[in-house]
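Good morning, everyone. Please take a moment with the sequence and the model on the screen, and then we will walk through them together.

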Amino acid sequence: MLTPSVGPDQMEAVDPSTSRRMARTRQRDNARELALRSELHRRGLRYRVHQRLLEGSRRTADIAFPRRRIAVFLDGCFWHGCPVHGTKPRNNAAWWREKIDANVARDRDTDARLAAAGWLVVRVWEHDDLGDAADRIEQVVRATSTPQHLATIRPDTGQAT
(Lines give C-alpha, C1' and ligand atoms only; values in the text may rest on other atoms or scores of the structure.)
Protein backbone atom coordinates (compact mmCIF):
# COMPACT_ATOMS: atom_id res chain seq x y z
CA MET A 1 0.00 0.00 0.00
CA LEU A 2 1.28 3.45 -0.88
CA THR A 3 1.33 5.87 2.04
CA PRO A 4 2.74 9.36 2.32
CA SER A 5 6.26 9.49 3.76
CA VAL A 6 5.69 12.67 5.75
CA GLY A 7 5.42 11.65 9.40
CA PRO A 8 2.91 12.92 11.97
CA ASP A 9 5.63 14.97 13.67
CA GLN A 10 6.06 16.96 10.43
CA MET A 11 2.34 17.74 10.01
CA GLU A 12 0.74 21.04 10.92
CA ALA A 13 -2.28 21.21 13.22
CA VAL A 14 -5.60 20.82 11.44
CA ASP A 15 -8.51 23.14 12.09
CA PRO A 16 -11.19 21.22 14.07
CA SER A 17 -13.94 22.16 11.59
CA THR A 18 -11.85 20.76 8.73
CA SER A 19 -11.26 17.59 10.70
CA ARG A 20 -15.01 17.16 11.35
CA ARG A 21 -15.85 17.77 7.67
CA MET A 22 -13.30 15.20 6.49
CA ALA A 23 -14.54 12.64 9.03
CA ARG A 24 -18.13 13.07 7.80
CA THR A 25 -17.23 12.47 4.15
CA ARG A 26 -18.61 9.06 3.21
CA GLN A 27 -16.26 6.76 1.34
CA ARG A 28 -19.05 4.59 -0.03
CA ASP A 29 -22.80 4.86 -0.50
CA ASN A 30 -22.54 8.65 -0.65
CA ALA A 31 -25.30 10.76 -2.21
CA ARG A 32 -23.74 10.91 -5.70
CA GLU A 33 -23.08 7.17 -5.75
CA LEU A 34 -26.64 6.40 -4.65
CA ALA A 35 -28.05 8.80 -7.25
CA LEU A 36 -26.02 7.21 -10.06
CA ARG A 37 -26.95 3.70 -8.97
CA SER A 38 -30.61 4.71 -8.81
CA GLU A 39 -30.46 6.15 -12.32
CA LEU A 40 -28.77 3.02 -13.70
CA HIS A 41 -31.36 0.83 -12.00
CA ARG A 42 -34.18 2.99 -13.40
CA ARG A 43 -32.74 2.31 -16.87
CA GLY A 44 -33.00 -1.43 -16.28
CA LEU A 45 -29.33 -2.07 -15.60
CA ARG A 46 -28.49 -4.52 -12.83
CA TYR A 47 -25.13 -4.48 -11.12
CA ARG A 48 -23.15 -5.30 -7.99
CA VAL A 49 -21.84 -2.67 -5.60
CA HIS A 50 -18.44 -2.46 -3.89
CA GLN A 51 -17.27 -5.69 -5.42
CA ARG A 52 -13.70 -6.95 -5.20
CA LEU A 53 -12.59 -7.75 -8.72
CA LEU A 54 -8.91 -8.53 -8.32
CA GLU A 55 -7.86 -11.63 -6.46
CA GLY A 56 -5.70 -10.84 -3.47
CA SER A 57 -6.63 -7.15 -3.51
CA ARG A 58 -8.88 -5.14 -1.20
CA ARG A 59 -9.68 -2.67 -3.98
CA THR A 60 -13.34 -2.57 -4.94
CA ALA A 61 -15.29 -1.16 -7.86
CA ASP A 62 -18.08 1.21 -6.84
CA ILE A 63 -20.37 -0.43 -9.42
CA ALA A 64 -19.62 -3.66 -11.27
CA PHE A 65 -21.29 -5.52 -14.10
CA PRO A 66 -19.55 -8.88 -13.62
CA ARG A 67 -21.12 -10.71 -16.56
CA ARG A 68 -20.03 -7.91 -18.89
CA ARG A 69 -16.73 -7.41 -17.03
CA ILE A 70 -17.28 -3.68 -16.61
CA ALA A 71 -16.08 -1.82 -13.50
CA VAL A 72 -17.27 1.69 -12.66
CA PHE A 73 -15.42 3.99 -10.26
CA LEU A 74 -16.76 7.32 -9.00
CA ASP A 75 -13.70 9.45 -8.32
CA GLY A 76 -13.82 12.49 -6.07
CA CYS A 77 -12.05 15.52 -7.53
CA PHE A 78 -10.04 16.16 -4.36
CA TRP A 79 -9.11 12.59 -3.44
CA HIS A 80 -8.26 11.42 -6.97
CA GLY A 81 -6.44 14.52 -8.21
CA CYS A 82 -8.88 15.86 -10.81
CA PRO A 83 -6.84 17.97 -13.26
CA VAL A 84 -9.75 20.44 -13.55
CA HIS A 85 -11.22 20.67 -10.04
CA GLY A 86 -8.67 19.07 -7.74
CA THR A 87 -7.55 21.44 -4.99
CA LYS A 88 -4.21 21.64 -3.26
CA PRO A 89 -4.47 22.13 0.50
CA ARG A 90 -2.13 24.67 2.09
CA ASN A 91 -1.92 22.93 5.49
CA ASN A 92 0.31 19.87 5.35
CA ALA A 93 0.81 20.47 1.63
CA ALA A 94 3.62 17.93 1.21
CA TRP A 95 1.67 15.21 3.01
CA TRP A 96 -1.47 15.84 0.95
CA ARG A 97 0.46 16.01 -2.33
CA GLU A 98 2.01 12.59 -1.60
CA LYS A 99 -1.37 11.19 -0.49
CA ILE A 100 -3.21 12.33 -3.62
CA ASP A 101 -0.32 11.28 -5.91
CA ALA A 102 -0.45 7.83 -4.29
CA ASN A 103 -4.23 7.67 -4.88
CA VAL A 104 -3.74 8.56 -8.56
CA ALA A 105 -0.98 5.96 -8.93
CA ARG A 106 -3.21 3.34 -7.29
CA ASP A 107 -6.06 4.26 -9.68
CA ARG A 108 -3.78 3.79 -12.72
CA ASP A 109 -2.50 0.49 -11.30
CA THR A 110 -6.08 -0.70 -10.71
CA ASP A 111 -7.01 0.27 -14.29
CA ALA A 112 -4.04 -1.65 -15.70
CA ARG A 113 -4.61 -4.73 -13.55
CA LEU A 114 -8.32 -4.85 -14.39
CA ALA A 115 -7.64 -4.36 -18.11
CA ALA A 116 -5.09 -7.20 -18.00
CA ALA A 117 -7.78 -9.37 -16.40
CA GLY A 118 -10.23 -8.56 -19.20
CA TRP A 119 -12.26 -5.82 -17.50
CA LEU A 120 -13.37 -2.52 -19.02
CA VAL A 121 -12.95 0.38 -16.60
CA VAL A 122 -15.27 3.41 -16.59
CA ARG A 123 -14.21 6.32 -14.38
CA VAL A 124 -16.68 9.06 -13.47
CA TRP A 125 -15.44 12.30 -11.92
CA GLU A 126 -17.32 13.85 -9.03
CA HIS A 127 -18.06 16.92 -11.18
CA ASP A 128 -19.51 14.91 -14.10
CA ASP A 129 -23.22 15.30 -14.69
CA LEU A 130 -24.84 12.11 -13.39
CA GLY A 131 -27.21 11.87 -16.36
CA ASP A 132 -24.27 12.06 -18.77
CA ALA A 133 -22.36 9.51 -16.69
CA ALA A 134 -25.36 7.16 -16.70
CA ASP A 135 -25.61 7.59 -20.49
CA ARG A 136 -21.93 6.64 -20.93
CA ILE A 137 -22.23 3.63 -18.63
CA GLU A 138 -25.44 2.43 -20.24
CA GLN A 139 -23.90 2.79 -23.70
CA VAL A 140 -20.88 0.70 -22.69
CA VAL A 141 -22.96 -1.96 -20.94
CA ARG A 142 -25.43 -2.35 -23.81
CA ALA A 143 -22.64 -2.37 -26.43
CA THR A 144 -20.57 -4.96 -24.59
CA SER A 145 -21.85 -8.44 -25.22
CA THR A 146 -18.64 -10.32 -24.44
CA PRO A 147 -15.68 -9.77 -22.12
CA GLN A 148 -13.28 -9.46 -25.06
CA HIS A 149 -12.48 -5.83 -24.39
CA LEU A 150 -9.32 -4.50 -22.80
CA ALA A 151 -9.78 -0.74 -22.47
CA THR A 152 -10.45 2.08 -20.09
CA ILE A 153 -13.18 4.65 -20.70
CA ARG A 154 -11.85 8.18 -20.28
CA PRO A 155 -14.03 10.23 -17.91
CA ASP A 156 -13.62 13.43 -19.95
CA THR A 157 -14.63 12.02 -23.35
CA GLY A 158 -16.35 8.71 -22.65
CA GLN A 159 -14.15 7.15 -25.32
CA ALA A 160 -12.21 3.89 -24.96
CA THR A 161 -8.43 4.14 -24.72
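Where is the place of Asn103? Asn103 sits in helix α3. Here a helix is a DSSP run of H or I of at least four residues, a strand is a run of E of at least two, and both are numbered from the N terminus.

Some ground rules. This is a predicted model, where local features need pLDDT of at least 70, side-chain atom pairs count only at pLDDT 80 or more, and totals for chains, interfaces and linings use all residues. Residues are numbered from 1 along each chain as its sequence is written, and side-chain values use heavy atoms, with hydrogens and water left out.

Back to Asn103. Is Asn103 buried or exposed? Asn103 is buried, with a relative accessible area of 4%. Buried means under 20% relative accessible area, exposed means over 50%, and partly exposed lies in between, with a 1.4 Å probe and protein chains only. The side chain of Asn103 also makes a polar contact of 2.9 Å with the side chain of Arg106. A polar contact is a pair of N or O atoms within 3.5 Å; within protein, one must be able to donate a hydrogen and the other to accept it, and residues adjacent in sequence count only if both atoms are side-chain atoms.

Now the whole chain. The protein chain has four helices and five strands. From the N terminus on, their order is α-α-β-β-β-α-β-α-β. The chain has 161 residues, and 40% of them count as buried.

What about contacts, meaning heavy atoms within 4.5 Å? Take those between residues at least 6 apart in sequence: 59% join residues at least 24 apart.

Val122 is in strand β4. It is buried, at 1% relative accessible area. Phe73 is 49 residues away along the chain, yet the two C-alpha atoms are separated by 6.4 Å.

Next, Asp128. It belongs to the loop between β4 (120-125) and α4. A polar atom of the Asp128 side chain lies 2.9 Å from the backbone nitrogen of Trp125. Leu74 is 54 residues away along the chain, with 9.5 Å between the C-alpha atoms.

Thr144 is in another loop, between α4 (130-143) and β5 (152-153). Thr144 is buried too, at 9%. Which backbone oxygen lies 2.5 Å from a polar atom of its side chain? That of Val140. Thr144 and Arg68 are 76 residues apart in sequence and 6.4 Å apart in space, C-alpha to C-alpha.

Now two backbone angles. Most residues other than glycine have a negative phi. His50 has a positive one, near 50°. His50 lies in strand β1 (residues 48-52) and is buried, at 11%. Asn92 also has a positive phi, near 55°. Its place is the loop between β3 (70-75) and α3 (93-116). Asn92 is buried, with a relative accessible area of 7%.

Last stop: the inside. On a 1 Å grid over the protein atoms alone, a cavity is a set of points where a 1.4 Å probe fits but cannot get out, and lining residues have an atom within 4 Å of a point. Grid points are joined across faces, edges and corners, and a volume is the space filled by probe spheres set on the points. How many cavities of 30 Å³ or more are there? The count is one. The largest cavity has a volume of about 40 Å³. Its lining includes Gln51, Arg59, Phe73 and Thr110. β2 (60-65) and α3 each supply at least two lining residues. The lining divides into five nonpolar, three polar and one charged. Nonpolar covers Ala, Val, Leu, Ile, Met, Phe, Trp, Tyr, Cys and Pro; charged covers Asp, Glu, Lys and Arg; the others, Gly among them, are polar.

Definitions and conventions: Contact means heavy atoms within 4.5 Å. On a 1 Å grid over the protein atoms alone, a cavity is a set of points where a 1.4 Å probe fits but cannot get out, and a pocket is an open set with protein on both sides within 12 Å along at least five of seven lines; lining residues have an atom within 4 Å of a point.
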